[in-house]
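Work through the exercises below with the sequence and the structure at hand, and try each task before reading its solution.

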Amino acid sequence: MHPSEIKNFNKLPRLKTSYIKAGILVSLLAYWGVILVGTFVTFN
């Protein structure tokens, strides 16, 4: 294996964890957005 291929393999777990963290963050923001929108709609 070439050194460049080894570097690419080392980056894969980092990319997966960053995508997982971004997905969790987006889902939590959507969840709280639905709660806040629902709250404001019921008060109006």
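## Exercise 1: a nonpolar patch

Task: Find which residues make the nonpolar surface patch of about 610 Å².

Solution: In this predicted model, the patch is made by Ile20, Ile24, Leu28, Tyr31, Trp32 and Ile35. To see how one of these residues is placed, take Ile35, which lies in helix H1, a helix that covers residues 3-43. The relative accessibility of Ile35 is 31%, so this residue counts as partly exposed, and that value passes the requirement of over 30% that a residue must meet to belong to a patch.

## Exercise 2: two rings

Task: Decide whether the rings of Tyr31 and Trp32 are stacked, tilted or edge-to-face.

Solution: The structure holds one aromatic pair. The ring centres of Tyr31 and Trp32 are 5.6 Å apart, and their planes stand at 75°. Centres must lie within 6.5 Å for a pair, and planes over 60 degrees apart count as edge-to-face, so the pair of Tyr31 and Trp32 is edge-to-face. As for accessibility, Tyr31 counts as partly exposed at 49%, and Trp32 likewise counts as partly exposed, at 48%.

## Exercise 3: a serine in the helix

Task: Work out which backbone oxygen the side chain of Ser27 reaches, and whether Ser27 is buried, partly exposed or exposed.

Solution: Begin with the position of Ser27, which lies in helix H1. From there, its side chain reaches the backbone oxygen of Ile24 at 2.8 Å, and Ile24 is also one of the residues that make the nonpolar patch. Finally, the relative accessible area of Ser27 is 42%, so Ser27 is partly exposed.

Key:
Residues numbered from 1 in each chain as written. Predicted model: local features only at pLDDT ≥ 70, side-chain atom pairs only at ≥ 80, totals over all residues. Heavy atoms only, no water. Phe/Tyr/Trp six-rings, centres within 6.5 Å; stacked < 30°, edge-to-face > 60°. Buried < 20%, exposed > 50% of the residue type's maximum accessible area, 1.4 Å probe, protein only. Patch = residues over 30% accessible without salt bridge, like charges linked within 9 Å, V, L, I, M, F, W, Y side chains within 5 Å. Areas by Shrake-Rupley, 256 points an atom, 1.4 Å probe, with all protein chains shown as cover. Salt bridge = Lys/Arg side-chain N within 4 Å of Asp/Glu carboxyl O. Helix = DSSP H or I, 4+ residues; strand = E, 2+ residues; numbered from the N terminus. Polar contact = N/O pair within 3.5 Å; in protein donor to acceptor, adjacent residues only side chain to side chain.
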